[in-house]
Amino acid sequence: MLFSTFTMEKTLLYYKGGEFLAHKGWHHRRMYHKGDYELILCIKGPIYLQIGDRRYTLNTHEVLIVPPFTTFYGYQDSPGDVDFYWVHFFSQHKEDTLTADEDDMTEKVKASTSKKWQIFLPQYFKLADYEEATILIHQILSIHNELSFIEERDYLVSALLIQLYKSYFNRPDANEDSSRINSLKEWIRANMSSDLTVAEIADRSHLNPDYLTRLFKHCTGMTTLQYLNHVKIEVATLLLIRTDMSIKQIADNSYFNDPKVFMRRFKSATGLSPTEYRKSYNLIHLNNPHVDPQIPIPKRIADSIDYIPENGDIPE
């Protein structure tokens, strides 16, 4: 399995990004990355992509990281409509690519005591908890007003890769308590409703409610009730940025009985009202097969790395 290193002593540098929509019969044109990474999160697939001599089929909630100095293209037409987020970025360090067994790498990461600010990500993987990554990507793509002294998107891209790293390597292990809680989390998401209670979850797991809450807190950092609210807010956030539903409809569809309670809890969790959140994170760059943005490398990036990268078609 291929893994890439990302060194976090300095922020990653955001280059460009957007959401790509295409209809049946589309395939990715041939491109060459020189210097920049591209992260692709599939919303609707399949998407057929080839990097060098490796072929990948991206389905919903799967991630592909295209490394620098590589050729990639679509090797087959998609049978239906496609939708994916794409984010290009640079590292301010010379990174490595290594081949490792997935279990060996997981064990190495969990046992590591290294003080190096370095994370590892596989070139291709499925996101278990895609909601947080989707929200982060949407936030990155919604920021258009660059500040003169700071580039917020650089920090958000760094946070995105750290979140993906934590999500990938925090997969369920053999620990009995962790396995039980992860199974319960899946059950909660599948059976979420406005009436779901901690007592009902405890009954499902054959545990005392107080013991269940202590177990949840130990394994997730949240109480059972906090996790229930967390899932509801995640659903609401995705509906705000991905649909045109009214606030009342979003409250109903994110399992809140009362829109006023929903608005109060949403603002407590995010610092913004649902309407403010939608306005802040609803304007992203959309493109289609006829629009492929090529922009010059920003000076702040060119000044931060020791080579001048380029991006575009395969050189002659």
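**Exercise 1: cysteines**

Cys42 is buried, with a relative accessible area of 0%, where buried means under 20%, exposed over 50% and partly exposed in between (1.4 Å probe, protein chains only). This is a predicted model, in which local features need pLDDT of at least 70 and side-chain atom pairs count only at pLDDT 80 or more, while totals for chains, interfaces and linings use all residues. Residues are numbered from 1 along each chain as its sequence is written, and side-chain values use heavy atoms, with hydrogens and water left out.

Task: classify Cys219 and state how many disulfides the structure holds.

Solution. Cys219 has a relative accessible area of 29%, so this residue is partly exposed. Taking a disulfide as a pair of cysteine sulfur atoms within 2.5 Å, the structure holds zero of them.

**Exercise 2: a sheet and its helices**

Task: give the strand order of the open sheet of three strands, and determine which strands stand at its edges.

Solution. Strands here are DSSP runs (E, at least two residues), as helices are (H or I, at least four), numbered from the N terminus, and two strands pair if DSSP finds at least two bridges between them. The order is S10-S1-S11, with antiparallel pairing. Strand S10 (97-99) and strand S11 (118-122) stand at the edges, because each has a single partner strand. Strand S1 (residues 2-7) pairs with S11 over five bridges, and within this pair Ser4 stands opposite Leu121. Helix H1 (residues 102-111) packs on the sheet, touching S1, S10 and S11, where contact means heavy atoms within 4.5 Å.

Note on methods. Axes are lines fitted to C-alpha atoms, for helices over the stretch in contact, and angles run from 0 to 180 degrees between N-to-C directions.
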